[in-house]
Amino acid sequence: MPTSPGPQHTTQPRRAAVACLASAALLLFAGAGVAHATPAEGIHNIKHVVMIMQENRSFDSYFGTYPGARGIPAGVCVPDPISHGCIAPYHSSRDKSFGGPHGVSAAIADIHGGKMDGFVEQAELGQKCGGTNPSCSSCKAAEGGPEPEKETAEPCSVMGYHDAREIPNYWNYAQNYVLQDNMFESSLSWSLPEHLFQVSGWSARCPTGDPLALDCTNSLEPILPSTDWTGPFVPGEATYAWTDLTYLLAKAHVSWRYYVYEGSEPDCQSDEAVKCKPVHQGPKTPGIWNPLAAFTDVQQNGQLGNIQSLNSFKTAVNETKSCGLPSVSWIDPNVTVSEHPPSRVSKGQAYVTTLINSIMRSPCWGSTAIFLSWDDWGGFYDHVQPPQVDQNGYGPRVPGLVISPYAKTGYIDHQQLSHDAYLKFIEDAFLGGSRLNPATDGRPDARVSVREAAPTLGSITNDFNFNQTPRPPLLLPTDPEPGPASKPPGH
């Protein structure tokens, strides 16, 4: 299994291509929370963890040319079985792209036993290309220039990458805080199992309407919850009966919220399809991005009310005298701002920037850690073979950022991480290191492994320096000017 180059915890030098981004930042102090660190408290200086999860981008598609990161190597060219040639990674200025299939079978095909060369073929299959149709293998529509008025199939968009020209704020956060270049999605699959892992460390199938955790069996093809569910559970509806993190939080009287941005989400039974029909999304509509509403322990603990509209998040951070956020927050986008293809990257970046700015302006900033990531790779190219920690994954690499007044500056974390590390950090910060372990958590289930206890899983605690002077907020514009071009892959 490949390992990351060089020592794991080294602060990377600021490169000229990235350093000039800082001049676009708006450093504002008025109204922002000021941190008062007590170094001896370490991780317990963090009173609020906010997880912002976006959709469907690989690490290489967003940070493959970021200076000092484990990015796209020189000479890559991925086979195109239709043209009998190959397609190299290229800079894409398009605000929209289609990505590719990203279910279990597509993940296996993309990885191709570690060759990491199945991306173009899977994209063409996802566009229902076949034979020698030249429109299926042409990259001309995707290579820079103005977007065509009519969206066209562009299977090689999976080989396109962005840099500070399209996502200057994301690169700015990386320069000023922490970029994780060895972050993998937890499961070898698509959004639904990945979102289940993000709240529970597992994905399974349970007998319909059965509330017993031990009756659930391992599966990366879980049942899609009913979108018109209002509770209580009845036979015929999908039930997620195994134990999730909120069970441990409730036992320890640790507050949590799952904030849902009302709108719509893709409605796919699996993401082997490139496009999905949108359906309504809200706090009371369990779905692929809002799974907690279908967990039986959330209902049994009387905590369904903790799944709330994003308006509640806005209210919490707008409190002026004290931070209104709970200890643990998840934030679920709607399809328009999710960056899920074909949604616009610019809308997603503006939405994320607004969320982060609102925290930075509030009394919450001084005691908050923001974890920003993307749920799965979305069919986009990434060159790093995922490690296998158990039969469920990991899946391909995704971007990960840590933003906090205690985050290291311009630090690239090379540790092996997955979204399981978020659960591990929360358990260490608020639960005394308790894990979602059937042998100890008081609610046994049949999960195949305790993901937070995996010996190869790094610790996000290493991304913080609790001895440093707490960092002031970095407020960025929601409609930023393009940043500088990066150097080509391999430089």
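Start by selecting Ala-454, which is buried at a relative accessible area of 13%; buried here means under 20% relative accessible area, exposed over 50%, and partly exposed in between, with a 1.4 Å probe and protein chains only. The model is predicted, so local features need pLDDT of at least 70 and side-chain atom pairs count only at pLDDT 80 or more, while totals for chains, interfaces and linings use all residues. Residues are numbered from 1 along each chain as its sequence is written, and side-chain values use heavy atoms, with hydrogens and water left out.

Ala-454 sits in the segment after α11. Helices (H or I, at least four residues) and strands (E, at least two) are DSSP runs, numbered from the N terminus.

Next, select Arg-451 and Asp-390. They form a salt bridge, with the closest N and O atoms 2.9 Å apart; the term covers a side-chain nitrogen of Lys or Arg within 4 Å of a carboxyl oxygen of Asp or Glu. Arg-451 is in the segment after α11 (420-430) and Asp-390 in the loop between β16 and β17, so the pair ties together parts that are 61 residues apart in sequence. Both Arg-451 and Asp-390 are buried.

**Other salt bridges**

The count for the model is nine salt bridges. Move to Arg-397 and Asp-60, where the closest N and O atoms of the bridge are 2.9 Å apart. Arg-397 belongs to the loop between β16 (368-374) and β17 (400-403), Asp-60 to helix α2 (residues 59-63), and 337 residues separate them. Arg-397 is buried, at 0% relative accessible area, and Asp-60 is buried too, at 1%.

Then go to Arg-165 and Asp-163, whose side chains meet in a salt bridge of 2.7 Å, N to O.

**The nonpolar cores**

In soluble globular proteins, nonpolar side chains tend to be buried together. A nonpolar core is a set of buried Ala, Val, Leu, Ile, Met, Phe, Trp, Tyr and Cys residues joined through side-chain atoms within 4.5 Å. The largest one in this model has 105 residues, and Phe-63, Trp-330, Phe-371 and Phe-464 touch the most other members.

Center the view on Phe-371. Leaving aside residues up to four places away in sequence, its contacts (heavy atoms within 4.5 Å) are Val-49, Val-50, Met-51, Ile-52, Leu-401, Val-402, Tyr-422, Phe-425, Ile-460 and Phe-464. A second, separate core has 21 residues, among them Ala-123, Val-158, Tyr-161 and Leu-188.

Now select helix α4 (residues 119-126). Its buried residues are Phe-119, Val-120, Gln-122, Ala-123 and Glu-124. Their cover includes β3 (78-80), β4 (85-87) and α3 (104-111).

**The disulfides**

How many disulfides does the structure hold? There are three, a disulfide being a pair of cysteine sulfur atoms within 2.5 Å.

Begin with Cys-77 and Cys-86, joined with an S to S distance of 1.9 Å. The link is right-handed, with 90 degrees about the S-S bond. Cys-77 counts as partly exposed at 34% relative accessibility, and Cys-86 is also partly exposed, at 42%.

Continue to Cys-206 and Cys-216, whose sulfur atoms are 2.1 Å apart. The torsion about their S-S bond is about 105 degrees, so this disulfide is right-handed. Cys-206 and Cys-216 both lie in the loop between β9 (204-205) and β10 (217-218), ten residues apart. Cys-206 is buried at 8% relative accessible area, and Cys-216 is buried at 1%.

The last stop is Cys-323 and Cys-364, with an S to S distance of 2.0 Å. About 95 degrees of torsion about the S-S bond makes this disulfide right-handed. Cys-323 is in the loop between α9 (310-317) and β15 (328-332) and Cys-364 in the loop between α10 (345-360) and β16, so the pair ties together parts that are 41 residues apart in sequence. Cys-364 is buried, with a relative accessible area of 0%.
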